[in-house]
Amino acid sequence: MLKFEYNHTDYAELLKDFARYFNCKLVDNTLFLPPHIGDGYMKLVELPNGLQGIISDYTVHQKILFHRTKINKDYFTLRFDEVYIPDDANDEQADNEIAPDINPIRSAVYLGSAKFDWLFFSTKGTKVKGVNIIFSKDWLETFLSVESVGDLIKKYLSLKMSAFNYEPMDMEYKRILAEIINSSVDPSFKTLLIQNRILLLLERFFTSIYNKMSNMHFDVKLTNDDINTIKQIAKDLVQDFSVEPHSISKLAKMAAMSPSKLKISFKEIYNLPIYTYFQKHRMNKAKAMLLSKKYSVRDVTIEVGYSNLSNFAKAFKKSFDQLPSDLLNR
Amino acid sequence: MTSIEFERPDCVEFIRLLSDSFKAKLSGNLIVVPPAIGSGYIWAEKLPLGMEVLVANVVMKHELAYTMFVNSHQYFNLQFNEYEADLKKLNHTAVKYVQQFQSAVKISNTASPQTLVFPEGVNLLTVRFFFNKEQLGQLMGNDAMEEVLTKYFPYLLKQDNLEPLATRYRETLNDLLVDKFESPLRLNFIQNRVFLLLEKFVIQLSSRKDITTTKEKRTYDETLRLIHIESLLVKNFLLPAPTIDELSRISAMSPTKLKNDFKRMYGIPIYSYRQKNRMLKAKSLLLMSKYTIQEVGRMVGFTNLSHFAKAFKKEFKILPSELSAKDGVLIYNT
C-alpha cells in the first residue's frame with residue numbers, strides 16, 4: 001500500500017510533492033498518474049479570485065492512503081467528492097482492519113478543518129471525481145462579511161469540529177461538478193467557467209449550512225466515531241428493502257445511542273429524518289430498477305418491500321410525480 | 001428626458017434619484033413603482049466585486065426616459081432587455097419598441113451616454129450591469145480578459161450590436177428578475193448570476209464566426225430581421241417549427257442567405273438552434289420541479305414522450321427522469 005502524508009496549505013506545492021512521490025512530472029499544472037498507480041489526473045487550478053483548488057478525475061490501480069496531518073493554522077478545505085468503490089473491493093475491505101475506520105466519508109460534500117487529521121483510503125479500482133478547494137479563515141470571513149447571515153455562519157465554523165456540514169452529493173452538486181470536469185469550452189475561458197462553478201458550489205454549500213443552522217440542528221457535536229456509527233446504520237438501513245426496516249429503538253441499540261441522539265445526529269449528517277432517508281433510497285432503487293427495463297413493476301414492488309402494488313405506485317408517484325408504469329412505457 | 005451625471009457608474013445612487021422622482025419609498029435598494037406611475041419594481045445593488053447591477057420589471061403609464069452620463073469612460077455595460085406586450089392594445093411607439101427591441105442583449109461602454117427608457121404600456125424586463133477591465137480580469141484571468149477586450153469588444157462596441165436573448169440566458173435572468181430573494185447569501189447569489197450572464201455572453205461570442213472576420217457584413221436592418229426570426233423560432237414550441245420558406249419570406253432574405261447569416265450570427269444552423277433552445281427550456285422547466293415529465297414534454301411540443309426522452313438525452317446525456325428525480329440521486333446503477 002502507498003501512503004502519502006502531507007500538511008500543505010499551498011496546493012501548488014502539494015501537487016509538486018505528489019508528483020515527486022509518484023515519480024512523475026507535472027505537465028501544465030496537471031499530474032497524470034503513472035500506470036502502476038492509476039489512470040487519470042489531478043489538476044491544480046489557481047483562480048483569479050485568489051482561491052486554489054485541485055480537480056481530480058482518476059481510478060487507482062493499487063491501495064493508496066492519503067493522510068492530511070493536522071496543523072495549527074486556520075485553514076479550511078471544502079471537498080466535493082464523487083467516489084465509486086468497486087463491488088468486490090467491499091469484501092476485500094472487510095479483511096482490511098484499517099479501512100472501515102479511516103474511510104468514513106466517500107461520496108460527499110463537506111468543509112474540513114486543517115486542525116484535524118484527515119484520511120482518505122482508496123482500494124484498487126476506486127474511482128474518484130472531485131473538486132477540493134482550500135482557503136484561509138480570512139478568505140472565508142471576507143467572503144461571508146458582505147452577507148447579513150455571515151456572522152452566524154462564522155460562529156458555527158468556530159466550533160471545534162473536524163468536518164462541518166457533511167452532505168451527500170446530490171444531483172445539483174453532481175451537475176456542477178460535471179460541468180467543471182467535462183467542460184468543452186474554448187481553453188481561454190476555462191478559468192472563467194471553473195471559477196464561476198466553484199463560486200456556485202460555495203454559494204450552495206454555505207446556503208445549506210445556513211439553512212441547517214436555522215433548523216437548529218447545528219448544536220449537535222458529532223465525533224468521528226458518531227459519524228462512522230451513523231454511516232453504518234444508514235448503510236444497513238438501505239441494504240435490503242425486502243425486509244421490514246428496524247424500529248428506531250432497535251437502531252438506537254445497534255448504534256449504542258439514545259433514540260433522540262440517533263435521530264438528531266442522523267438528520268444532522270444526512271439532512272433527512274431516518275425513515276425519510278430510507279424511503280428516498282427505496283424509491284431511488286425502484287426507479288433505477290425500472291429504468292434498467294429488466295424488471296416488471298411487480299418484480300420491483302416485491303424487491304423494494306411492498307406487498308401491495310397500488311401502495312407502491314402511490315409512494316412512487318409521491319417521490320417522482322410519475323407512476324412506475326410511465327417509466328416502462330417510454 | 002432626465003439627465004444625470006456620475007463620476008463612475010452608480011446604480012444604487014441612481015435608484016435613490018429614481019425614488020425621489022417617483023415619490024416612492026425605498027426599501028433597501030428597491031422601489032415598488034407607485035400606482036400613479038405604473039406597476040412593478042426596480043432594484044439595484046453594488047456587488048462584492050464592485051460591479052453595479054440594476055434590475056427592473058415594470059409597466060409605466062407614460063414613457064419615462066433617463067440618461068446617465070458617466071465621466072469615467074473605463075466601464076462597460078451589458079444589458080438584457082425584454083419587452084412584452086399585447087401588440088393590439090399598444091400605441092404606435094410601444095409597437096415599435098416591441099418589434100425592434102424584443103429579446104435583445106446589448107453591450108456598450110460609458111464613453112457613450114447610458115439610457116434607460118421605460119416605454120409606455122409595455123412590460124420592460126431588464127437586467128443591466130457595469131464592470132471594468134480589472135473586474136473582468138478577476139473573473140476570467142488577465143489573458144482571457146485581454147483577448148476579450150481586444151478581439152471581441154471593439155467590434156461589438158463599434159457596431160450597433162444586438163445579440164439575441166436566447167433561452168440559455170433566460171434561466172439565469174429569471175433568477176434575478178424577482179423582488180425578493182430566498183437565498184440567505186443574497187449578494188453572492190446575485191453576483192454569481194451576474195457572473196454567469198457575463199460568462200454565457202463571452203462564451204457565445206467566442207463561438208461566433210462573424211465577429212472577427214469582417215468579410216461579410218450585415219446591415220443593422222438585417223440583424224434586426226435575424227433577431228426577429230430567432231424570436232419566431234423559440235417563442236412557441238407548441239406550434240410546428242416554421243419552414244425555411246416561411247422564414248425566408250418573413251425575413252425577406254433568400255433561403256441560402258438566411259441560413260448562412262443565421263448560422264454566422266447564432267453559431268449553429270436554424271433547426272439545431274431551435275432544438276437546443278427547446279431542450280434548454282424543457283430542462284429549466286424540469287428543474288422547477290413543478291411539472292411532470294409528461295407535462296414538460298407537452299409544453300415543448302412533443303406528443304410522443306419517448307421522442308422527448310431521446311431528444312433530451314441527446315442534448316444533455318441524461319434522461320429527463322434522471323433530472324426530475326426531486327433532489328433524489330440515482331445511486332443504484334443496476
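The model is predicted, so local features are described only where pLDDT is at least 70 and side-chain atom pairs only at pLDDT 80 or more, while totals for chains, interfaces and linings use all residues. Residues are numbered from 1 along each chain as its sequence is written, and chains are lettered from A and ligands numbered from 1 in the order in which they are written. Helices (H or I, at least four residues) and strands (E, at least two) are DSSP runs, numbered from the N terminus.

**Nonpolar core**

- The largest nonpolar core holds 117 residues; a core here is a set of buried Ala, Val, Leu, Ile, Met, Phe, Trp, Tyr and Cys residues joined through C-beta atoms within 7 Å.
- "Buried" takes 20 or more other C-beta atoms within 10 Å of a residue's own, "exposed" 12 or fewer, and "partly exposed" is in between, with C-beta atoms placed from the backbone.
- The members that touch the most others are Val131(A), Ile198(A), Ile15(B), Ile42(B), Val53(B) and Val194(B).
- Helix H7 (residues 190–214) of chain A is the top contributor to this core, giving 12 residues.
- Ile15(B) touches Leu26(B), Asn29(B), Ile31(B), Ile42(B), Trp43(B) and Ala44(B), leaving aside residues up to four places away in sequence; contact means C-beta atoms, placed from the backbone, within 7 Å.

**Chain A sheet**

- Eight strands of chain A make an open, antiparallel sheet in the order S2-S3-S4-S5-S10-S7-S8-S11; strands count as paired if DSSP finds at least two bridges between them.
- At the edges sit strand S2 (26–27) and strand S11 (163–167) of chain A, each pairing on one side only.
- H7(A) packs on this sheet, touching strand S4 (38–46), strand S5 (52–60), S7, strand S8 (108–113), S10 and S11 of chain A.
- The direction of H7(A) makes about 95 degrees with that of S11(A); axes are lines fitted to C-alpha atoms, for helices over the stretch in contact, and angles run from 0 to 180 degrees between N-to-C directions.
- Inside the sheet, strand S7 (residues 75–84) and strand S10 (residues 127–136) of chain A pair in the antiparallel sense over 10 bridges.
- Tyr75(A) has Ser136(A) in S10(A) as its bridge partner.

**Chain B strands**

- Three strands of chain B form an open sheet with mixed pairing, in the order S1-S6-S9.
- Its edge strands are strand S1 (2–6) and strand S9 (114–118) of chain B, and the twist averages 15 degrees from one strand to the next.
- S1(B) and strand S6 (residues 64–70) of chain B run parallel over 5 bridges, with Glu5(B) bridged to Phe69(B) in S6(B).
- Strand S5 (residues 52–60) of chain B has 8 of its 9 residues buried, so the rest of the structure largely encloses it.
- S5(B) pairs in the antiparallel sense with strand S4 (residues 38–46) of chain B over 9 bridges, where Gly40(B) stands opposite Val58(B).
- The hairpin of S4(B) and S5(B) has 5 residues between the strands, and Gly50(B) takes a positive phi near 110 degrees there.
- S5(B) also pairs in the antiparallel sense with strand S10 (residues 123–132) of chain B, over 8 bridges, and Glu52(B) has Phe130(B) as its bridge partner.

**A helix pair in chain B**

- Helix H3 (residues 133–140) and helix H4 (residues 142–158) of chain B pack at about 125 degrees, with axes 7 Å apart.
- H3(B) and H4(B) are therefore oblique to each other; angles under 35 degrees count as roughly parallel, over 145 as roughly antiparallel, 65 to 115 as roughly perpendicular and the rest as oblique.
- Lys133(B), Leu136(B), Gly137(B) and Met140(B) of H3(B) meet Asn142(B), Ala144(B), Met145(B), Val148(B) and Leu149(B) of H4(B).

- Most residues other than glycine have a negative phi.
- Lys23(B) has a positive phi of about 55 degrees; this residue lies in the loop between helix H1 (11–22) and strand S2 (26–27) of chain B.
- Lys23(B) is exposed, with 9 other C-beta atoms within 10 Å.
- Ala252(B) also has a positive phi, near 55 degrees, in the loop between helix H8 (244–251) and helix H9 (255–266) of chain B.
- Ala252(B) is exposed, with 11 other C-beta atoms within 10 Å.

**Where the chains meet**

Conventions
Contact = placed C-beta atoms within 7 Å.
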